[in-house]
Amino acid sequence: MTLPTGVKGVKVIFAHDTEVALASAAALVNTGRGKELLPDVAALDQFVTDWAWSGKRAHDQAELDAVRQLRPRLEQLWAMDEDAAAELVNVLLREASALPQLVKHDHWDYHLHATPPDAPLADRMAVEAAMAFTDVIRAGQLCRLRHCAAAHCDNVHIDLSKNRSRRFCSISCANRTNVAAYRTRQAAQSEHPAASGR
Ligand SMILES: [Zn+2]
Ligand SMILES: [Zn+2]
């Protein structure tokens with residue numbers, strides 16, 4: 001499956017399917033922060049392909065609307081304390097009558113699905129995110145929910161690094177920030193050559 005840069009190669013904190021679900025939830029939230037990145041069904045199709053969502057699709061406006069409406073609910077998790085987050089996760093699981101089942105499909109080994117494959121896409125997205133957040137909350141790791149530290153980026157992310165050091169939503173935000181900091185240092189040195197220490 002395709003994962004956005006920055007997700008691959010991280011040290012495992014949670015089960016792989018949980019980490020993918022968390023990254024997917026953050027990516028979904030990010031489609032609704034600032035510029036609308038799910039403007040039409042075609043954009044949703046691309047998102048579904050990028051994140052390797054299986055199961056039934058409606059490909060209609062109602063499906064798109066339901067997915068868009070899920071975003072601000074998931075986004076709240078980045079601002080909630082543990083009790084509020086636990087309650088929201090429980091509500092999301094209850095609303096979709098989630099029933100965890102171990103399944104294998106495509107190239108995936110056993111992992112949990114808590115909705116049937118013919119459940120509406122937004123319900124499956126809600127429950128997959130909620131199930132992943134049950135792991136985060138049980139592990140006391142809600143502090144890993146972050147906002148990107150790059151200037152002019154509103155994205156959220158989940159820091160899955162071993163030493164909790166991830167500050168940026170993506171490699172490109174990290175690079176952009178590093179380049180900007182380098183240019184600032186270069187400019188300071190050319191203005192004050194003595195500051196370079198030589
Ligand atoms: Zn699956
Ligand atoms: Zn960013």
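Helix 1 and helix 5 are oblique to each other. Angles under 35 degrees count as roughly parallel, over 145 as roughly antiparallel, 65 to 115 as roughly perpendicular and the rest as oblique. The pair packs at an angle of about 120°, with axes 9 Å apart. Axes are lines fitted to C-alpha atoms, for helices over the stretch in contact, and angles run from 0 to 180 degrees between N-to-C directions.

This is a predicted model, in which local features need pLDDT of at least 70 and side-chain atom pairs count only at pLDDT 80 or more, while totals for chains, interfaces and linings use all residues. Residues are numbered from 1 along each chain as its sequence is written, chains are lettered from A and ligands numbered from 1 in the order in which they are written, and side-chain values use heavy atoms, leaving out hydrogens and water.

**The whole chain.** The protein chain has 6 helices and 4 strands. Helices (H or I, at least four residues) and strands (E, at least two) are DSSP runs, numbered from the N terminus. Their order is α-α-α-α-β-β-α-β-β-α. The C-alpha atoms fill a box of roughly 65 × 35 × 35 Å along the principal axes. Of the 198 residues, 39% are buried.

**The helix pair.** Helix 1 spans residues 16-30 and helix 5 spans residues 121-138. Which residues of helix 1 meet helix 5? They are Thr18, Ala21, Leu22, Ala25 and Leu28. Their partners in helix 5 include Met125, Ala129 and Phe133. Contact means heavy atoms within 4.5 Å.

**Trp78.** This residue sits in the loop between helix 3 and helix 4 (82-95). Its contacts, not counting residues up to four places away in sequence, include Ala26, Val29 and Phe133. Leu145, Arg146 and His147 are also among them, as are Val156, His157 and Ile158. Leu38 is 40 residues from Trp78 in sequence, and their C-alpha atoms are 20 Å apart.

Which residues coordinate the zinc ion (ligand 1)? His105, His111 and His113 do, each through NE2, at 2.0 Å. Donors are N, O and S atoms within 2.8 Å of the metal (3.2 Å for Na, K and Ca); water is not among the atoms, so sites may look incomplete. Along the chain, the donors follow the spacing H-x5-H-x1-H.

Strand 1 (residues 101-105) and strand 2 (residues 108-113) run antiparallel, joined by 4 bridges. Two strands pair if DSSP finds at least two bridges between them. His105 stands opposite Trp108 in strand 2. The two strands form a hairpin with 2 residues between them. In that turn, Asp106 has a positive phi of about 45°.

**Two loop histidines.** His59 lies in the loop between helix 2 (41-50) and helix 3 (61-75). His59 is not a glycine, yet its phi is positive, about 55°. His152 is in the loop between strand 3 (145-147) and strand 4 (156-158). His152 is not a glycine either, and has a positive phi of about 60°.

**Buried or exposed?** Buried means under 20% relative accessible area, exposed over 50%, partly exposed in between (1.4 Å probe, protein chains only).

| Residue | Relative accessibility | Class |
|---|---|---|
| His111 | 8% | buried |
| Trp78 | 9% | buried |
| His59 | 45% | partly exposed |
| His152 | 83% | exposed |

The zinc ligand His111 counts as buried because its relative accessibility is 8%. His152 counts as exposed because its value is 83%.
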